[in-house]
Structures are given as C-alpha cells and as structure tokens.
Amino acid sequence: MARTPDSKDIDPREIKILSDILALVLDEQPGHAATALERIRQMARRDVVTGGALKNLFITRIGTVSPQNVIAREKGLRDRVRDLERRLSQSESDTRTAQSRLGRCQMDMGLLQVEVATFRLQKPWRYAALAFATGAGLLVGIAGTQFYHSLTTTRAVIDRATYLR
C-alpha cells in the first residue's frame, strides 16, 4: 500500500539528493538521465512512495507558500540586510581608523630611523672628541705642572751618582 510522505518525515538531505537527481534527469546526456530516473525509482520503492505522492510532496514543499510566510521572510531578509549594512559601515570605520594608525606608526618609524641614523653618524665623532679631550687634558696637566715647577724656588741639585759608588 502506497503512503503519502509527510513533509516532517522527509530528511532535508534526502530532498537535496532528490533535487540533484531530478536535475540530472533534465540533463541533455541520455546516460545520466536514465541513471537518475532509475535512482528515483529505487528511492520510491524503498520508501513505498507513489508518483502522485511525490508530486503532492513537491507541490506542498515548493508550490504553496502562504502570504504571511512571504511577509515574515521579507521582514527577516530586510532585518538581515540592515544588520549587514550596519556591520559593513562599522568595518569601513574600523578600516579607516586602522589606516590612520598605520600612517602615524609609519611616520613615527621614519622619525626613529632618522634619529638612529643621526646617532650612528655622531658616534665616531664622540670617540674622536673624547680622545681629543683626554689628550688635551694630559697636555694641559703636564704643562701646568711644568709651569708650577718653574715658578717655585728650586733647591740645590743633589748629585745622586754618589750613592751609586
């Protein structure tokens, strides 16, 4: 005895398979169409479904949609579009903010690179200046000591060679 399938009993995966098979039936290649028709017959025999019941299933699933469902679906789609537009504008704003931050970071990086280059150029001069200052300090110290000794009174020179005899 044939039964009419209830739309609640049908697995959505089976409906997708059935729609794929029906698409193959309409295909222009005869081998694919024959194979697809045979597959539909096997599924119908397995589930004990007649052609009329299958037709009714397609009519109830596809053909009749109530106006309330259409209005509710349109409202849901409008809400989704509004949400997506809001998210898009937020993403664009975030992108502009990120681009401005990137520009500031690149500018800061350029300034830091200039400072590092300036510091590296000054480094050898610092060593030269330090060496020059140290040498000048030694010379001034020696000259100052000699100048001090030239201003002070000198005592008689002691012949130290007498100690070595």
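Mentor: Let us begin with the salt bridges. The model is a predicted one, and a search of the whole structure finds five salt bridges.

Trainee: How far apart are the closest N and O atoms of Glu74 and Arg78?

Mentor: The general idea is a distance cut-off: a side-chain nitrogen of Lys or Arg must lie within 4 Å of a carboxyl oxygen of Asp or Glu. In the case of Glu74 and Arg78, the closest N and O atoms are 3.8 Å apart. Both residues belong to helix H4, with a spacing of four residues, about one turn of the helix. Glu74 counts as partly exposed because its relative accessibility is 37%.

Trainee: Which residue forms a salt bridge with Arg86?

Mentor: The partner of Arg86 is Asp83, and their closest N and O atoms are 2.6 Å apart. These two residues also lie in helix H4, three residues apart, about one turn of the helix. Asp83 forms a salt bridge with Arg87 as well, with 4.0 Å between the closest N and O atoms. Arg87 and Asp83 are four residues apart in helix H4, again about one turn.

Trainee: Which residues are linked in a network of salt bridges?

Mentor: Lys75, Asp79 and Arg82 are linked in such a network.

Trainee: How many helices and strands does the protein have?

Mentor: One counts the elements and then reads their order. Here there are five helices and zero strands, and the order from the N terminus is α-α-α-α-α.

Trainee: What share of the residues is buried, and what does the surface consist of?

Mentor: Buried residues make up 7% of the 165 residues. The protein exposes about 14600 Å², of which carbon and sulfur atoms supply 62%. As for contacts with a separation of 6 or more, 59% join residues 24 or more positions apart.

Trainee: Where is confidence lowest, and where is it highest?

Mentor: The protein averages a pLDDT of 79, and 73% of the residues score at least 70. Confidence is lowest in helix H3 (residues 51-63), with a mean of 65. It is highest in helix H4 (residues 67-151), with a mean of 90.

Notes. Residues are numbered from 1 along each chain as its sequence is written. This is a predicted model: local features need pLDDT of at least 70, side-chain atom pairs count only at pLDDT 80 or more; totals for chains, interfaces and linings use all residues. Side-chain values use heavy atoms; hydrogens and water are left out. Buried means under 20% relative accessible area, exposed over 50%, partly exposed in between (1.4 Å probe, protein chains only). Contact means heavy atoms within 4.5 Å. Accessible areas come from the Shrake-Rupley method with a 1.4 Å probe; for residues, only the protein chains shown count as cover. pLDDT is the predictor's confidence in each residue, from 0 to 100.
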